[in-house]
Each structure stands twice: as C-alpha cells, then as structure tokens.
Amino acid sequence: MLTGGEVAALVAAVVWAVLATFMCVALVKLIKLINETTKVVSELGERTPPLMDDVASTVERANTSLERVEEITANVQATSEDVSTVTALTRSVVTGPLVRVASLSYGVRRVLGQRRALAVVRGRRRRENR
C-alpha cells in the first residue's frame, strides 16, 4: 500500500503531467497562430506595393484634372471680364444717345403740350371777344 507521501507525489505527478500536456497543446496552438499571422503579414506585404502604385497613379490623374480645371477657370474668368467690358462699352455707346433722344422727345412733347394749351386758351379768348 502507498503511504501518504507517495500518494501526494503521485497526485502531484499526475497534475504536473496534465499541466504539461495543457501547456503543450496551448504552445502548439500559439505556434499555429504565429504561423498564420506571418502568412497574413507576408501577403499584405506582397499586396501593398501594387496598391501604392495604383494610389500614386490616381493622385497623378487627379492633379492633371485639377490643372485642367484651373485652366478652364482662368479662361472663364477672362471671358467674364471681356463680357463685362463689352457690356460696359455697349451701355456707354447706346445709353448716351438714348438719353439724349428721350430728353429731346420729352422736350418736344412738353412744348407741343404747352402750344396746345395755349391754343385752347386763345380759342376761348377769341370766342369771348366776339
């Protein structure tokens, strides 16, 4: 029969064996995890340069488009200034004579109106004097 110390040693040995087995299983899983992580990082490293090339070409195309937009904006601004100048010139060329014609027609209408009023007054006086 086993003594108390031998039973304790046997229990300790069994616990130690179970613990060692658990640690081995955990260690094997950890190694698998590290291997998978290494594969993922390696694949990411392989995929990154083409992605960076694509990003660089996209940025270059965007810069080219922005330069074109700047040129278009400058052309639109120049055209807008030209239209403004032509509008101001047309206004000064057309408005001056139109104002003069309007003033002349106002003066003529006023004189004709006064002459008519004067003719009416003279006609009344003639009738009164007869």
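Which helix holds G107? G107 lies in helix α1, which covers residues 4-129. Helices are DSSP runs of H or I with at least four residues, and strands are runs of E with at least two, numbered from the N terminus. The model is predicted: local features need pLDDT of at least 70, side-chain atom pairs count only at pLDDT 80 or more, and totals for chains, interfaces and linings use all residues. Residues are numbered from 1 along each chain as its sequence is written, and side-chain values use heavy atoms, without hydrogens and water.

Now the overall form. The protein chain has 1 helix and 0 strands. Its radius of gyration, taken over C-alpha atoms, is 53 Å, well over the 14 Å that the globule rule gives for 130 residues, so the chain is more spread out than a compact globule. That rule is 2.2 Å times the number of residues to the power 0.38. The C-alpha trace spans about 175 × 40 × 15 Å along its principal axes. From G107 to V55, 52 residues apart along the chain, the C-alpha separation is 75 Å.

Next, exposure. Buried means under 20% relative accessible area, exposed over 50%, and partly exposed in between (1.4 Å probe, protein chains only). Of the 130 residues, 0% count as buried. G107 counts as partly exposed because its relative accessibility is 29%. V18, also found in helix α1, has 53% relative accessibility and therefore counts as exposed.
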